[in-house]
Amino acid sequence: MLLSLANALLLVFTLLWGLMGILEFRMLLKAYKNAKNKLYCEGLNTDDFITDIRKYKYKFAINISYLIIILCQSVYVIYNWD
């Protein structure tokens, strides 16, 4: 009984962590689109744009790995459910 409760709590916390990861991913996509719009509409300097894009790519990689870890945790908790 206690193990089922612990697994349920782990699943809830993992899902909340995943929700935050998805929200962060959406914020990164919006920031990336805003940077592209600034480049085309406002005439942002190309060097500044390239440095911004490199930062966003690094953050995307971290966020994708973050979501993969969450997926693995969810599978582990569901697989070991009593």
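Among contacts in this protein between residues at least 6 apart in sequence, 82% join residues at least 24 apart, a contact being heavy atoms within 4.5 Å. The model is a predicted one, in which local features need pLDDT of at least 70, side-chain atom pairs count only at pLDDT 80 or more, and totals for chains, interfaces and linings use all residues. Residues are numbered from 1 along each chain as its sequence is written, and side-chain values use heavy atoms, with hydrogens and water left out.

**Overall shape**
- The secondary structure comes to two helices and zero strands, counted as DSSP runs (H or I, at least four residues, for helices; E, at least two, for strands) and numbered from the N terminus.
- With a radius of gyration of 18 Å, well over the 12 Å that the globule rule gives for 82 residues, the protein is more spread out than a compact globule; the radius is taken over C-alpha atoms, and the rule is 2.2 Å times the number of residues to the power 0.38.
- Along the principal axes, the C-alpha atoms fill a box of roughly 60 × 15 × 10 Å.

**Core and burial**
- Of the 82 residues, 21% count as buried, that is, under 20% relative accessible area (1.4 Å probe, protein chains only).
- The largest nonpolar core has seven residues: Leu-28, Ala-35, Leu-39, Phe-49, Ile-53, Tyr-56 and Phe-60. Such a core is a set of buried Ala, Val, Leu, Ile, Met, Phe, Trp, Tyr and Cys residues joined through side-chain atoms within 4.5 Å.
- Two or more residues of this core come from each of α1 (2–42) and α2 (46–79), and α2 gives the most, with four.
- Leu-28 touches Tyr-56, Lys-59, Phe-60 and Asn-63, leaving aside residues up to four places away in sequence.

How values were computed
Buried means under 20% relative accessible area, exposed over 50%, partly exposed in between (1.4 Å probe, protein chains only).
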